[in-house]
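Try each task before reading its solution.

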Amino acid sequence: MGNPGFFLNWNIDYTQITQLEFLKLKMPIGKVLLQKQALGDLSKRATGGIFIYLIVWLVIAVSNQLQVTLPIFFYLNSTMLLGIAVLRIMHLNVYKHRPEVPVMVMTNWLVYTILIAALHWGVMVAWILFDDRAVDVRNLMIVVTAGFAIGGATTLSISNRIRIFYPIFMFCPGILVLIFLGSNGSWIFAGLIMLALIYVHGTTKITHNDYWETITNQSIAEDRANLMEHLSITDQLTQLKNRLYFDEKFDEEWQRSSRMKVPLSVLLMDIDNFKDINDTHGHLFGDECLQLIASTISSELLRASDCVARYGGEEFVALLPNTGEDETRAIAEKLVEAVSGVSSKFNDKKVHITCSIGGATCHPNYQDNKENLLRQADLALYQAKSNGRNQYQPCVLESSAAT
């Protein structure tokens, strides 16, 4: 199918992977999806030719009464062309309704049936050139074959195998017969056909390369856009969402919760005594602690609807849609316990880490000020720190209090 390149977007949450993971994942997956795109394009281009061989053959043969002069030849070739058309229809049906079938299986199925049709047509034309009983259709079949070979190879040049072998299978059986016949006219005619074959090979190589270059460049552009989006909403140290993403998600969930009339909760988390950790052990160790806490929080908040982000410095925020006070408390206390079990080594000494969490819950209303929910969670966080840290403190709001 040609060189599919290495860049393509795929159905994956780019915000959940690091830049290095992004680069590692995109190569093999991008190659497969480029092949899938090529299969789709090849199938579309080939659909119009499913019955073309059979129809053209029947028109030429019946109009020249080959069913009378060469009945076995007529019915045998008609049956074979019909069988090839049936295989093509089966492929089209499986392609549309069985997406789980591997791309290469479907590609090989399509390519081989097209090449079989070309080889059969070429052999059929060779027989017509050899058999004097079919002399009346020779010129017409030669013209049609040239059209099939050039048009088919160009249209289907997405596939390297088709662009190379399709015109060969169409032309070469006839060339061999012309050479075998041995007349000067036959040799000249065979030479002209060989020149046409060389021309087709050169032009289809250009169209093949142009196609793959186009879709590869398009894929590179899409991947770069996805990567930039990933970087723009991701905190590079912790690989959590950043403040920008959280603000957008918060507004979206506030509107949704208002429509659905369901509760919305926010948790603000702060690493206890983080300044002392930085001052005592250095900022590199502090960064390591931030990464450990981020990983711990992410492993605890597993619901797809939850959003956890680095809010700034050593502070994290979690948005919990459709979550009431009791459930929020359970989640927060679980987080406090999970973080308190985290420790990191500095000079072979364990440094235990804890966090304080403040939470607020309300039933949003379109007229409410959503920022007040964050302010109340921040006040609750301050209270948790004042009460000795390593704990959760809630603050419950009514809708009317959020203004």
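**Exercise 1: the surroundings of one serine**

Apart from neighbours within four places in sequence, Ser 43 is in contact (heavy atoms within 4.5 Å) with His 91, Tyr 95 and Leu 110. This is a predicted model, in which local features need pLDDT of at least 70, side-chain atom pairs count only at pLDDT 80 or more, and totals for chains, interfaces and linings use all residues. Residues are numbered from 1 along each chain as its sequence is written, and side-chain values use heavy atoms, with hydrogens and water left out.

Task: decide whether Ser 43 counts as buried or exposed.

Step 1. Locate Ser 43 in helix H1, residues 19–47. Helices here are DSSP runs (H or I, at least four residues), numbered from the N terminus.

Step 2. Take the relative accessibility of Ser 43, 6%. Buried means under 20% relative accessible area, with a 1.4 Å probe and protein chains only, so Ser 43 is buried.

**Exercise 2: two helices**

Task: work out how H10 and H11 are oriented to each other.

Step 1. The axes of H10 (residues 274–281) and H11 (residues 283–300) come within 7 Å and cross at roughly 140 degrees.

Step 2. Angles under 35 degrees count as roughly parallel, over 145 as roughly antiparallel, 65 to 115 as roughly perpendicular and the rest as oblique. H10 and H11 are therefore oblique to each other.

Step 3. Now look at the contact: H10 contributes Phe 274, Ile 277, Asn 278 and His 281, while H11 contributes His 283, Phe 285, Gly 286, Cys 289 and Leu 290.

How values were computed:
Buried means under 20% relative accessible area, exposed over 50%, partly exposed in between (1.4 Å probe, protein chains only). Axes are lines fitted to C-alpha atoms, for helices over the stretch in contact, and angles run from 0 to 180 degrees between N-to-C directions.
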